[in-house]
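I opened this notebook to record how two chains meet in one model. The entries follow the order in which I looked things up.

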Amino acid sequence: MPVPFEGPPDELRGLRMFLDEQRAALLRKFDGLTDAQATSRPTRSDFCMLTLVKHAAFVERRWFQLEIARRDIEGLWPPPDDRELKIEPEDTVESIRAFYEAIIAENREILDNVTDLDSVSASEVNRRWVLLHLIEELARHAGHADIIRESIDGIRGP
Amino acid sequence: MAEAATPLPAAKSFGEDERAVLLGYLAYHRAVLARKAEGLSDEQARLAACPPSTLTLLGLIRHMTDVERWWFRRVLRDEDVPALFEDEEEWRLPADATVVDALTAYWDEISVIDVHLATATMDDRNAGEPDPGQHTLRRTIVHMIEEYARHCGHADLLREAIDGTTGD
């Protein structure tokens, strides 16, 4: 793993950088796939590369909106259906990448306005816990992506 | 299918301070990785179950044992302890490598490290190479959490391929 920054950052800056690194890792695994490859399921898992990235986008959106920005938006939790794990006819590598990148951009803006990692939300979760949860969940899915991508075309790496 | 023996930490520390949250996530992932190998035969745990990936569950346990030793003992504390495996030898499993031996070494390493972590603060800097004084414990633990989580992702698909078991 590359060291993502020089010298010791503060807690919030460190978490931001690690989160960005996990996003980049997952998207690197998505690079250069055809739609057919991205929707293939080469392991016993139900995940394909397209649903991994789509799911990551939904996960980021609900945690950032509900627990980082603390906006009470209906329909985010619990998920109304399993659409984030399904491939719709209109889904392509390009459309899902754009979908995730738009959510990442919005979430970076939300995080730009965060200074407080300690206060807890109505569900008694603080922002430090949420950011670490996103880092671990994206990293775990990047691990799934490592194996799925290597099964598709032999490509390995960070 | 056999049950995992290591209990998952009961609750993640949702609203706690930095130290409690970081140590909570670290403990959680250590347990998840161990549980992925528990209940398997040695032969199953040695299996490269998702070819062409050469990863195995035993290799992952051996790897993280040495990663723990590297970051927490050599880098953080400058302890003069050799790597357990040279030249990525952790991935090349001897024919007699067992789950019990790998997990014993893993938890032994962690128990030595936890004695130190019990009194460490997140602002502590590394005494050893690389770059003495440039890594805080906070950074090291977040890195360990991401590295564990990535490898737990590998372990998820290996275990599911071996016997269909999913989940933490």
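I began with one pair: Asp156(B) forms a salt bridge with Arg140(A), with 2.8 Å between the closest N and O atoms. I took a salt bridge as a side-chain nitrogen of Lys or Arg within 4 Å of a carboxyl oxygen of Asp or Glu. Between chain B and chain A I counted 3 salt bridges.

I noted that this is a predicted model, in which local features need pLDDT of at least 70 and side-chain atom pairs pLDDT 80 or more, while totals for chains, interfaces and linings use all residues. Residues are numbered from 1 along each chain as written, chains are lettered from A and ligands numbered from 1 in written order, and side-chain values use heavy atoms, without hydrogens and water.

I then looked up the extent of the interface. In contact (heavy atoms within 4.5 Å) are 44 residues of chain B and 38 residues of chain A. The buried area, which is the accessible area (1.4 Å probe) lost on putting the two parts together, summed over both, is about 3300 Å². Carbon and sulfur atoms give 60% of that area.

Last, I turned to Ser53(B). At 3% relative accessibility, Ser53(B) counts as buried, a class that means under 20% relative accessible area (1.4 Å probe, protein chains only). Leaving out residues up to four places away in sequence, I found that Ser53(B) touches Ile147(A), Glu150(A) and Ala48(B). The side chain of Ser53(B) also reaches the backbone nitrogen of Leu55(B) at 3.2 Å.

How values were computed:
Buried < 20%, exposed > 50% of the residue type's maximum accessible area, 1.4 Å probe, protein only. Polar contact = N/O pair within 3.5 Å; in protein donor to acceptor, adjacent residues only side chain to side chain.
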